[in-house]
Amino acid sequence: MANVTDLQTKYSKLAQEYSKLRAQNQVLKKAVVDEQASTVSLKEQLKHRDQSLRKQEQEMDSLSFRNQQLAKRVELLQEELASKVDSPSQHGLETQSVFDEDLQKKIEENERLHIQFYEADEQHRRQEAELRGRLQELERDSEQHQTVVDGLTAKYIDTIERLQSDKARLEVKAQTLEREAKECRVRTEECQQQLRRCQSELNRQVKQSSSVIQEKVPFNDTKFSDYNSLNVPPHNRRHQLKARDVAGQALSFIQDLVAALLNFHSYTEQRVHIYPRDSSIEPISPLNQKFSQYLHENAAYVRPLEDSFLQLHQSITEDTVTVLETVVKLKSFADNFSSYTHFLQKILPYQLKSLEEECEAPLCTAALTAKNQELQGDMKRVTSVFEKLQSYINILALPSVRQDAMLPSSTSAVFTQLAACLHSLHDAIKEMSKHYNQKAGLEQELPTITQKLCTTSECLLGSLGSLTSSTGKIATFFSNNLDFFTSPGYSPRGGTVTLNPLQAESMLANKKKAAAYMYAIKKPRPQSVPYREALSNRRILTSSTESREGLTQQVQQSQEKIARLEQEKEHWLLEAQLGKVRLEKENQRIADLEAQLAAALGGSPNTQAAAASTLAQSHEEAEKELQKAVGKETTLCTSLVGMLCTTPTVEHVGDEDSREQLIKTHYMARVGELTTQLQISDSKAVHFHSECRALAKRLAIAEKSRETLSEEVKRANQNITRLQDELTTTKRSYEDQLSMMSDHLCSMNETLSKQREEIDTLKLGSKGNAKKNKGR
């Protein structure tokens with residue numbers, strides 16, 4: 001509302017200034033018209049002067065013509081006088097005297113006319129010169145006035161256009177701000193309503209809580225630090241997410257640092273083999289051989305830094321508690337850092353001696369010697385800074401081993417000193433990189449420089465550059481997150497006691513129980529059924545239950561009948577197969593007997609009769625055996641799979657084979673059926689397995705979509721926060737623009753007032769010049 005009021009006030013001021021400018025513009029237009037009228041009058045006066053000048057020139061022409069006539073008449077009179085001198089007389093003398101007088105008068109008149117003409121000519125020339133000078137002066141004044149008027153007109157037109165555009169823009173801004181003000185009022189009312197609701201709800205909760213505290217809580221243990229230290233602090237999920245994020249950023253910086261250190265030590269080893277002696281041409285010194293051997297082992301000391309910090313990052317999750325007392329993996333990182341620091345201390349003397357050996361080379365100049373000495377100091381400084389870092393990291397790793405190793409008040413001091421030490425490391429490596437760069441430039445000027453040494457120096461400088469960049473990033477990152485490192489992430493409410501591992505374990509157990517409880521209570525309840533629908537369903541269920549019982553009995557009876565019929569079917573199938581086998585055997589036997597009979601008939605009649613009797617007897621025996629076989633009852637046995645098999649009581653040699661074949665055929669048929677059922681079961685199992693895999697994939701996709709949606713929600717919240725910040729920034733910029741616009745309007749008012757004074761001054765000057773011209 002205040003902004004809208006200020007805008008209305010500024011808009012009214014702008015309208016007043018615009019009306020003043022319009023009035024001043026009318027005055028300027030009137031002054032321009034007056035100047036144009038005075039210019040026209042001066043031109044008319046100049047025209048009249050020209051006309052009078054032409055009249056005077058005509059008069060002078062007429063006078064000169066009359067003068068010429070008089071001169072001719074005088075000449076004529078002189079000639080007449082000369083002709084009449086020869087005959088003088090009295091009358092001639094009188095006439096001569098008259099002519100002389102007349103001539104004298106004409107001569108005097110001619111002289112007088114000549115004098116008047118000369119005077120008139122001089123006066124005309126003088127007036128003409130004066131008028132021309134005045135005309136030129138007036139023309140210059142008119143041109144100056146016209147130039148000033150044109151400039152002022154253009155300036156006022158630009159000012160008016162600019163003010164109109166500013167007015168339109170301010171109107172648009174005013175409308176926008178009015179809309180925003182309306183929206184703000186609406187939101188303010190909504191916020192006030194929400195505030196009132198929240199206040200009422202909070203008052204209700206305060207009353208309820210106070211009544212519960214008064215009735216149920218015997219004492220408040222948060223008032224006493226001894227009791228409050230026994231309380232388990234709540235799980236800080238934001239602190240865990242921040243710790244996870246910070247550990248991830250630190251891991252990327254540590255990886256860059258490890259890569260840079262590996263490159264630096266490797267290229268230093270390569271340089272030792274090249275300079276001051278090339279190992280491919282002549283053997284290097286024993287010192288450099290030992291130095292190269294130690295440098296070759298750098299990966300065994302540098303790689304564990306990345307691996308241990310990776311384990312530290314993996315141990316920090318959302319479901320853990322991250323404080324110095326619970327970060328156990330920090331100890332392994334501190335041990336690996338200590339081993340690397342010992343490695344630097346071990347190779348430091350060899351580095352110094354190697355640089356001294358370079359200084360003893362024949363072509364080493366004084367500048368190179370100075371740079372080598374500076375590099376010796378840089379290496380000592382870097383090693384000492386690493387030793388300080390080792391001590392601070394070991395101090396931070398002590399609470400995870402022994403809880404009372406460091407006081408909580410000393411934690412912030414250790415982190416602050418560690419941040420300062422990281423900045424010192426960055427400065428030391430930066431100085432070493434600069435001195436190495438200068439040294440490489442001096443070495444390139446040597447006449448014995450090789451391409452191999454140049455390439456190695458460039459690689460070494462690149463590794464130093466990446467090392468400088470990574471240490472700078474680490475120092476900046478640690479300084480930016482120093483507040484997070486020094487702030488206590490977990491502590492009981494109202495206290496500053498540090499968290500111990502037992503409390504952390506209790507916290508995680510309580511968190512899991514709370515999550516399980518929330519999951520249990522968030523299960524969807526089954527939907528209730530209306531009463532009428534439940535009654536109708538009960539009737540349907542009752543009738544369907546009765547019908548189902550009847551149908552169940554019918555199904556059982558049908559199944560028993562089907563089983564009995566199946567048994568009978570299998571029994572008769574076996575009987576038919578046995579009968580078929582016996583029939584074939586009997587047919588074979590009959591064929592044999594007929595053959596015997598035919599053979600017998602081929603002999604004597606007695607033998608034929610005996611054969612016929614034998615054949616009839618064999619037929620009778622076969623029929624008797626068949627009746628006995630059919631009449632004998634077979635023993636039925638039920639197998640485990642529900643099959644019925646017949647065991648004839650008559651045992652014959654030929655029947656055993658047929659029975660085995662029949663049993664084999666029957667069991668093969670059953671095996672085929674079971675194989676078919678097994679294949680169907682396998683296909684169903686494969687189908688269910690594929691469905692389970694598809695469901696598992698859908699579950700994984702759903703989990704991923706849930707994570708994606710959660711990330712989108714986070715991004716949306718961040719966008720909302722960013723938009724709120726942009727809205728605040730836009731409001732501030734609008735206020736700054738309005739203040740600048742008001743300052744601009746003030747300056748425009750001052751400019752217009754100055755222009756108004758200049759116009760008044762010009763008007764007064766033009767009026768004074770007009771008065772002077774009229775006076776002349």
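Colleague: What does α6 span, first C-alpha to last?
Modeller: Helix α6, residues 298-315, has 18 residues and reaches 27 Å. That is close to the 26 Å expected at 1.5 Å a residue, where the expected span is 1.5 Å times one less than the number of residues. Helices (H or I, at least four residues) and strands (E, at least two) are DSSP runs, numbered from the N terminus.
Colleague: Where do these coordinates come from?
Modeller: This is a predicted model; local features need pLDDT of at least 70, side-chain atom pairs count only at pLDDT 80 or more, and totals for chains, interfaces and linings use all residues. Residues are numbered from 1 along each chain as its sequence is written, and side-chain values use heavy atoms, leaving out hydrogens and water.
Colleague: Which residues of α6 are buried?
Modeller: Asn-298, Val-302, Leu-305, Glu-306, Ser-308, Phe-309, Leu-312 and His-313. Buried means under 20% relative accessible area, exposed over 50%, partly exposed in between (1.4 Å probe, protein chains only).
Colleague: And where do they sit around the axis?
Modeller: On the same side of α6, because they cover an arc of only 165°. The arc is that of the directions from the helix axis to the C-beta atoms. Ala-300 and Gln-314, on the other side, are exposed.
Colleague: What does the buried side pack against?
Modeller: α4 (237-272), α5 (286-295) and α7 (329-359).
Colleague: At what angle do α4 and α6 pack?
Modeller: About 175°, with their axes 9 Å apart. Axes are lines fitted to C-alpha atoms, for helices over the stretch in contact, and angles run from 0 to 180 degrees between N-to-C directions. So α4 is roughly antiparallel to α6, a label for angles over 145 degrees.
Colleague: New topic. Where is Asn-372?
Modeller: In helix α8, residues 366-397. Asn-372 is buried, at 2% relative accessible area. Leaving aside neighbours within four places in sequence, Asn-372 is in contact (heavy atoms within 4.5 Å) with Leu-355, Glu-358, Cys-359, Cys-364 and Lys-439.
Colleague: How many helices and strands does the chain have?
Modeller: 15 helices and two strands.

Note on methods. Angles under 35 degrees count as roughly parallel, over 145 as roughly antiparallel, 65 to 115 as roughly perpendicular and the rest as oblique.
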